Amino acid sequence: MAKRANGEGSVAQRDNGRWEARFSYVDRATGARKRVSVYGATQREALAEMRVRRARIEGGGPARDSAATLGDFTSLWVATSLAASSRKDSTKVVYGTLARRFLQEGPLGLRSLKTLRAADVEGLILDMRKSGKSPSTVRQVYAVLRMVLDAAVRDGLLGVNVAAQVKRPSAEQREARFLSVDEVRQLIAAAYDTRQEARYAPVIELLALTGLRRGEALALRWDDVDMNVRTLRVRGTLTRGGSGLVVTAPKTDRARRSLALSERAVAVLTAQRERQDLERSTARDLWIASGFVFTTATGRPLEPRNALRALVAAAKRADIDEVGLHSLRHSAATAMLAAGVPVRAVADALGHASPKITLDVYAHATADVQRAGMEALGAALA
């Protein structure tokens, strides 16, 4: 095997006709000297591959990509990097579920890290779209895959994150589904109509009256409510994480807010306190003094998933289609905008990061407000 000048290694033709290039380097982490062999059909190909490997090492990457499968490394990532991150428990649950379903158990799960290409990432995106996955799900899976491969690069298992070479999938902003005032009335009435959903009926009604998110309403404590000045404070979100039901801090400062309450909202909360007082006296020693506004018969916080089930059941009885808990938030925002409430005030009430989000999501309502304003201007100048 002929040596090359300036420590560039050596190259020689093997008995089978293929060319082998060799070089050695000192591992920065261990200080040990390691040897690398690469191959090519021609001397030029072998030397070109050797230059690629040397460049990777000089750039701090591994000489070779790992043969570990994407599925195995993703499982390790979920158990270590994701678990150790500062993300909310609810976010960890979502990312872990997406990682298991689409990366560990998906078509790329058995592929080795060293064989992954950008085209494979694009193929995953296309397959998810063809199977009817929502744009937001596709976007989240891409984000998880990119984080997984970032960790593989960090740990020296990959030289390049191929997901970073693919443009992040877009998630188009769709106009929110909202209910008419009559539909909201029917939905609330249906929620109170049966004993099974009645526990969640006050939650549903408060969501419709305030535009709160489900988790925000369920995280409310009586200390957050001031009946005298008719306000409530949003200080957290109740979610189910890996450790059970937890209250996490709002994601942004604007989500941490104070809301004015209407007389009807105060009436809803007053009735809820009376029901809770009765249940407390009935439960006696079994009562858990959690301080939450909305609780089970023993004082524990309500399960967010059951709130959605109660709403769906009420919507079915009221014969209203395509309704989710966010529909009540959208309906509240639409009603406020239709009543002429300034966009900035509505954005503050909803806890949006900026009024632009409100404008984008509720374009239908802001257009109606603009039309009404133009009509009023025209009438004034007539």
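## Arg111 and its partner Asp120

At 26% relative accessibility, Arg111 counts as partly exposed, a class that falls between buried (under 20% relative accessible area) and exposed (over 50%), as judged with a 1.4 Å probe on protein chains only. The side chain of Arg111 meets that of Asp120 in a salt bridge, with 2.8 Å from N to O; the term refers to a side-chain nitrogen of Lys or Arg within 4 Å of a carboxyl oxygen of Asp or Glu. Asp120 itself is buried, with a relative accessible area of 18%.

## Basis of the model

This is a predicted model, in which local features need pLDDT of at least 70 and side-chain atom pairs count only at pLDDT 80 or more, while totals for chains, interfaces and linings use all residues. Residues are numbered from 1 along each chain as its sequence is written, and side-chain values use heavy atoms, with hydrogens and water left out.

## A network around Glu20

By the salt-bridge rule, the count comes to 18. Among the residues involved, Arg14, Glu20 and Arg22 are linked in a network of salt bridges.

## A pair within helix H10

Asp277 and Arg280 both lie in helix H10 (residues 263-283), 3 residues apart, about one turn of the helix; helices here are DSSP runs of H or I with at least four residues, numbered from the N terminus. Their side chains meet in a salt bridge of 2.7 Å, N to O. Asp277 is partly exposed at 36% relative accessibility, and Arg280 is also partly exposed, at 34%.

How values were computed: Helices (H or I, at least four residues) and strands (E, at least two) are DSSP runs, numbered from the N terminus.
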